[in-house]
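This report goes through the packing and the charged pairs of one protein model. Please keep the sequence and the structure at hand while reading.

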Amino acid sequence: MIESLLVANRGEIARRVIRTAKRLGIRAIAVYSEADADLPFVTEADEAVLIGPPTPAQSYRNVEAILAAAKSTGAQAIHPGYGFLSENAEFARTVEASGLIWVGPGADAISAMGDKINARNLMAAAGVPVAPGTTDPAADLDAAVTAAAEIGYPVMVKAAAGGGGMGMGVAVDEAALCTEYDKVRAFAERMFGDGSVLIERYFPRVRHVEVQILGLADGRVVALGERECSVQRRNQKLVEESPSPAVSPELRARLLAAAVRAGEAVGYRNAGTVECLLDPSTNEFFFLEMNTRLQVEHPVTEYVYGIDLVEEQLRVASGLAPTFDPDALAPSGHAIEMRINAEDPKRFLPGPGVIRTWVEPTGEGVRVDSGYTGGNTVTPFYDSLLAKLIVTGATRDEVLERARGAVAAFQIEGPKNNVPFFAELLGNEEFRSGAYDTGIVPRMR
């Protein structure tokens, strides 16, 4: 097993990885920016290294500073968490070229799945269903118009190099396409350094369902069930649950088999997620993208399958067998995760500030993975995620009732936060029925 681990991230996920590392007797090393010096992950690590000013480019995306920290502390491996450099193939290659262990999939797999058009084509070749769309980037607006006419409106205009719900727009007709194409292309060039755009079919009523996969050290790829991720604002997830209330045993078998084929097609190792769109009217599903890293919502899978995904990541990276029997995977129970963000609960606009009060809920079936505590300052430099509230139980109904109590007990004063939104959602009949889709949040507003 790896003996020393540097976590190249911050906040909640850094604290989460550090917790498992320390449980396994692995020396946990944090890196932090000047803005994060007082956060819990810094003090809980066995060692912490200041790597730069608050801006991500000068700290958490600063490859030279991170590698220098690894060298100075004698780190054996690097865990990238999610976001920042986690899906940067060149960073993965640089880490391994430096003689360090990369706790994640190989750089070639990251590259293959990082470009949405290339990923779509690879998946189609592997027999994974893909939505109708372009097989090459729409080189200009004329090409986009031609493609949209062939696919049929409405269409989704997407940044080929994008992710995390960023760089997307919907066009209902040619006039809207002209606007969205220019907007998405400019955004993609600015954010990802790649202005490539793809056009694909847009489903007005659709569910977002994803499958957790794990590429084992022996070369096998296994699927650890599905997660429902349809509660979203601006194409970004707010709530995830497992199992999905929309997925039957027959559909689950098809989903998981397709996800395994997706991983096998790129020789996948370590944790990853195959994201799909599900048409609830037909039970057809289509490959959306693959996230070549640990997901924010991994705790719901951990509960349902009774495993620690970070530990499994570390075992794969160490060349060790998993803690579970891959031939006897048996899900049990239900779990829901709510992303507690520093944002207005109505319009979801960021609201940084000093946390004056922070009281986490406790009790049976309640877990809080937090990046902050009372007295910390939420700055505008990073993602607005404060914590993840995970509620578990034997059935979905039991989890829903526990979740209402947990949300009511979660007290945050200082920065704006979306806890009131979850109280509203948990009382919403559409959500409680399980028959919801990605339009639920707009309908609530």
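Which residues of helix 3 (residues 63-73) are buried? They are Ala65, Ile66, Leu67, Ala69, Ala70 and Thr73. The model is a predicted one.

## Helix 3 and its surroundings

At its start, a side-chain oxygen of Asn62 comes to within 3.3 Å of the backbone nitrogen of Glu64. Just after helix 3, Gly74 has a positive phi of about 70°.

## Helix 6 and its surroundings

In helix 6 (residues 116-125), the buried residues are Lys116, Ile117, Ala119, Arg120 and Met123. Viewed down the axis of helix 6, these residues fall within an arc of 160°, so they line one face of the helix. Their cover includes helix 5 (107-114), strand 6 (155-159), strand 8 (197-201), helix 9 (249-265) and strand 13 (284-291).

At the start of helix 6, a side-chain oxygen of Asp115 lies within 3.0 Å of the backbone nitrogen of Ile117.

## Nonpolar cores

The largest nonpolar core holds 96 residues, and the members touching the most others are Leu6, Ile78, Val231, Met338 and Phe431. Strand 19 (residues 385-393) supplies the largest share of this core, six residues. There is also a second, separate core of 27 residues; among its members are Met113, Met123, Ala258 and Ala259.

What does Met338 touch, leaving aside residues up to four places away in sequence? Its contacts are Leu238, Val239, Ala387, Lys388, Leu389, Val391, Ala403, Val407, Phe422 and Leu426.

## Salt bridges

How many salt bridges does the structure hold? There are 41. One of them joins the side chains of Asp36 and Arg10, with N and O 2.7 Å apart. Asp36 sits in the loop between strand 2 and helix 2 (40-44), and Arg10 in the loop between strand 1 and helix 1 (11-23), so this pair ties together parts 26 residues apart in sequence. Are the two partners buried or exposed? Asp36 counts as buried because its relative accessibility is 1%, under the 20% limit. Arg10 is buried as well, at a relative accessible area of 8%.

Glu311 and Arg23 also meet through their side chains in a salt bridge, at 2.8 Å from N to O. Glu311 belongs to helix 11 (residues 309-317) and Arg23 to helix 1, so the link ties together parts 288 residues apart in sequence. With 12% relative accessibility, Glu311 counts as buried. Glu311 and Arg23 are both in a network of salt bridges, whose other members are Arg16, Arg19, Glu302, Asp308, Arg367 and Asp369.

A further salt bridge is formed by Glu401 and Arg432, whose closest N and O atoms are 2.6 Å apart. Glu401 is in helix 12 (residues 396-409) and Arg432 in helix 14 (residues 429-433), so the parts tied together are 31 residues apart in sequence. Glu401 counts as partly exposed because its relative accessibility is 44%, which falls between the 20% and 50% limits.

Definitions and conventions: Residues numbered from 1 in each chain as written. Predicted model: local features only at pLDDT ≥ 70, side-chain atom pairs only at ≥ 80, totals over all residues. Heavy atoms only, no water. Core = buried A, V, L, I, M, F, W, Y, C linked by side-chain atoms within 4.5 Å. Buried < 20%, exposed > 50% of the residue type's maximum accessible area, 1.4 Å probe, protein only. Helix = DSSP H or I, 4+ residues; strand = E, 2+ residues; numbered from the N terminus. Contact = heavy atoms within 4.5 Å. Polar contact = N/O pair within 3.5 Å; in protein donor to acceptor, adjacent residues only side chain to side chain. Salt bridge = Lys/Arg side-chain N within 4 Å of Asp/Glu carboxyl O. Arc of directions from axis to C-beta.
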